[in-house]
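I am opening a notebook on a structure I have not looked at before.

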Amino acid sequence: MSGVEQVQEPPRTPSFAMLRTLGGVAMMAGLLVVLVFQVTKPIIEENKRIAIEKAVFRVVPGAASRKDFVLGAEGLLPAAEAQAGGETIYAAYDAQGALLGVAMEAAATGYQDVIRILYGYNPACECVTGIKVLKMAETPGLGDKIAFDPEFLKNFEALDARLAPGRDGLLNEIVAVKHGNKTAPWQVDSISGATISSKAIARMINQSGQRMFPLIMRHLDRLRAGG
Ligand SMILES: Cc1cc2nc3c(=O)[nH]c(=O)nc-3n(C[C@H](O)[C@H](O)[C@H](O)COP(=O)(O)O)c2cc1C
């Protein structure tokens, strides 16, 4: 046996080949991301449009079509023409083109996190006509009942939202009362064991309504005409 051991060096990876391969992989990955984004964007937009339409038709019963507007510093503008910011509102019409109501978003903090809803307002009866919970993280079995409890949702089928004589706010604040204590048409009968979530819904409609209903009334003729 010889006393000299031969140590073999591992073959070197040429750094240029390594960089070229890595660069190629990164480029392919980037291209794939862009491609997937381009392909899925119109599909996502269309799904969003359908989801909004379904929600609008749910909170404004009887609606057959809708037109989107932005209500803001520039006044009321069709959504496609609005440059500056504002709040998007969805005007909903029956099959003959008569304005049935206006749907808009509202949000407030519930028991766990922010609750976001779409709700409908009928300027003819000056009342709220329905709600649809868009986002929430309320406790399953307790607070999450705000989305589907039929008794709770009944509160919003004709919730009194008349304007005060000055037409700059609500005649009566929309408030939630403890379960079984509703005595007035502007009160929301809370879900038993979920008063906090129920109060959040009443609070968000009240805050949104105090601001939005007078503006909607001011632009009612244009909303009726469809733009
Ligand atoms: C683990 C846990 C989760 C709860 N989740 C909710 C909830 O999502 N929404 C809510 O309003 N109350 C929730 N509550 C109950 C509230 O603490 C509170 O007791 C309730 O809203 C009051 O309603 P009540 O006056 O009808 O009893 C929860 C309580 C516990 C212990």
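**Helices across the sheet**

I take helices (H or I, at least four residues) and strands (E, at least two) as DSSP runs numbered from the N terminus, and axes as lines fitted to C-alpha atoms, for helices over the stretch in contact, with angles from 0 to 180 degrees between N-to-C directions.

I note that this is a predicted model, in which local features need pLDDT of at least 70 and side-chain atom pairs count only at pLDDT 80 or more, while totals for chains, interfaces and linings use all residues. Residues are numbered from 1 along each chain as its sequence is written.

I traced an open sheet of seven strands in the order 2-1-3-4-5-6-7, with antiparallel pairing, where two strands pair if DSSP finds at least two bridges between them. At its edges I found strand 2 (75–78) and strand 7 (159–160), each of which pairs on one side only.

Strand 1 (residues 65–72) and strand 3 (residues 86–93) are antiparallel over eight bridges, and I found R66 bridged to A92 in strand 3. For strand 5 and strand 6 I recorded seven bridges, with G120 opposite G130, and in their hairpin E126 takes a positive phi near 50 degrees.

**T195**

I looked up T195 in UniProt, where an unreviewed entry lists it as "modified residue: FMN phosphoryl threonine"; such annotations may be inferred rather than shown by experiment, feature names are shortened, and positions follow the numbering used here. T195 lies in helix 3 (residues 195–218).

Is T195 buried, exposed or partly exposed? I count T195 as partly exposed because it has 16 C-beta neighbours inside 10 Å, the scale being buried at 20 or more other C-beta atoms within 10 Å, exposed at 12 or fewer, and partly exposed in between, with C-beta atoms placed from the backbone. Leaving aside neighbours within four places in sequence, T195 is in contact (C-beta atoms, placed from the backbone, within 7 Å) with A176, K178 and S190.

Conventions. Two residues are in contact if their C-beta atoms, placed from the backbone, lie within 7 Å.
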